[in-house]
Amino acid sequence: VVRQNKQTFQNCHIHAFEKGGIPKKIRYDNVKTVVLRREKLPDGLTKNYYNPAFADFAKYYDFKIELCPRYWPRSKGKVEAGVKYVRNNFMIKYVRKNFMGGKSLKRQFVSLEELNENVFQWTEKRAHRIHGSIHAKPIDRWLEEKPLLGFPVNLPRYNTALLSFRRSTKDGLVQYKSNLYSVPS
């Protein structure tokens, strides 16, 4: 993707759900798309204020939002390890070797569509190898877990269109992108 906004974030989730299924819960870091703020209560507990748009999205696809504890990097090791694995094994090794003749990735441009297709091919190839820590093929492990996941088969896609709230002035005007528009009283 080329953006990190709410709409792109939710569309990435939808694509993942269609391909891999919907898990019962998903763990997130302190990303504003998911959690707006956290408040420590006097009894030591933490109250989370979720982004209402994302809370609605999670409710629609029936998964639980789980937040990593703040300032506790060990709680998200699997997430960070996955990012590091893709960066070190796809971006550095695969792309350089197959498309750049060993050159640096910094100033090379590859279209987003081409890059996504190559990620898909790389993922398919890596899914059929024996994984070092689980001593099994990831594709076999996924086939075991697949019946436990929900798939959005008859569920219409969630509407990820931009939702914007505005207040009208006493004269019945609404401001949007530096322009004023009249609205009914």
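Author: Let's start with a term: a strand is a DSSP run of E with at least two residues, and strands are numbered from the N terminus. The model here is predicted, by the way.

Reader: Thanks! What makes the place of Tyr181 a strand?

Author: Tyr181 belongs to E6, which covers residues 179-182. A strand needs a run of at least two residues, so E6 qualifies.

Reader: Is Tyr181 called buried, partly exposed or exposed, and why?

Author: Its relative accessibility is 43%. Buried means under 20% and exposed means over 50%, so Tyr181 lands in between and counts as partly exposed.

Reader: What makes Leu162, Tyr176 and Tyr181 a patch?

Author: Patch members have over 30% relative accessible area and no salt bridge, and nonpolar side chains are joined within 5 Å. Together with Leu162 and Tyr176, Tyr181 forms a nonpolar surface patch with about 320 Å² of accessible area.

Reader: And Thr33, buried or exposed? How do you know?

Author: Thr33 sits in a loop, between strand E1 (25-28) and strand E2 (35-40). Its relative accessibility is 11%, which is under 20%, so Thr33 counts as buried. Leaving out residues up to four places away in sequence, Thr33 touches Lys6, Phe9, Asn51 and Phe54.

Reader: Which residues have the most contacts inside the largest nonpolar core?

Author: That core has 15 residues, and the ones with the most contacts inside it are Phe17, Tyr28, Phe54, Phe57, Tyr61, Phe63 and Ile65. Helix H1 (6-20), E1, helix H2 (52-61) and strand E4 (64-67) each supply at least two core residues. The largest share, four residues, comes from H2.

Reader: What does Phe63 touch?

Author: Setting aside neighbours within four places in sequence, Phe63 is in contact with Phe17, Ile22, Pro23, Lys24, Ile26, Tyr28, Phe54, Phe57 and Ala58.

Reader: How do Cys12 and Cys68 get their labels, buried or partly exposed?

Author: Cys12 has 36% relative accessibility; that lies between 20% and 50%, so Cys12 is partly exposed. Cys68 has 2%, which is under 20%, so Cys68 is buried.

Reader: How many disulfides are there, and what would count as one?

Author: A pair of cysteine sulfur atoms within 2.5 Å would count, and the structure holds zero disulfides.

Reader: What share of the chain counts as buried?

Author: Of the 185 residues, 21% do. The accessible surface comes to about 14,300 Å², with 55% belonging to carbon and sulfur atoms.

How values were computed: Residues numbered from 1 in each chain as written. Predicted model: local features only at pLDDT ≥ 70, side-chain atom pairs only at ≥ 80, totals over all residues. Heavy atoms only, no water. Patch = residues over 30% accessible without salt bridge, like charges linked within 9 Å, V, L, I, M, F, W, Y side chains within 5 Å. Areas by Shrake-Rupley, 256 points an atom, 1.4 Å probe, with all protein chains shown as cover. Salt bridge = Lys/Arg side-chain N within 4 Å of Asp/Glu carboxyl O. Buried < 20%, exposed > 50% of the residue type's maximum accessible area, 1.4 Å probe, protein only. Contact = heavy atoms within 4.5 Å. Core = buried A, V, L, I, M, F, W, Y, C linked by side-chain atoms within 4.5 Å.
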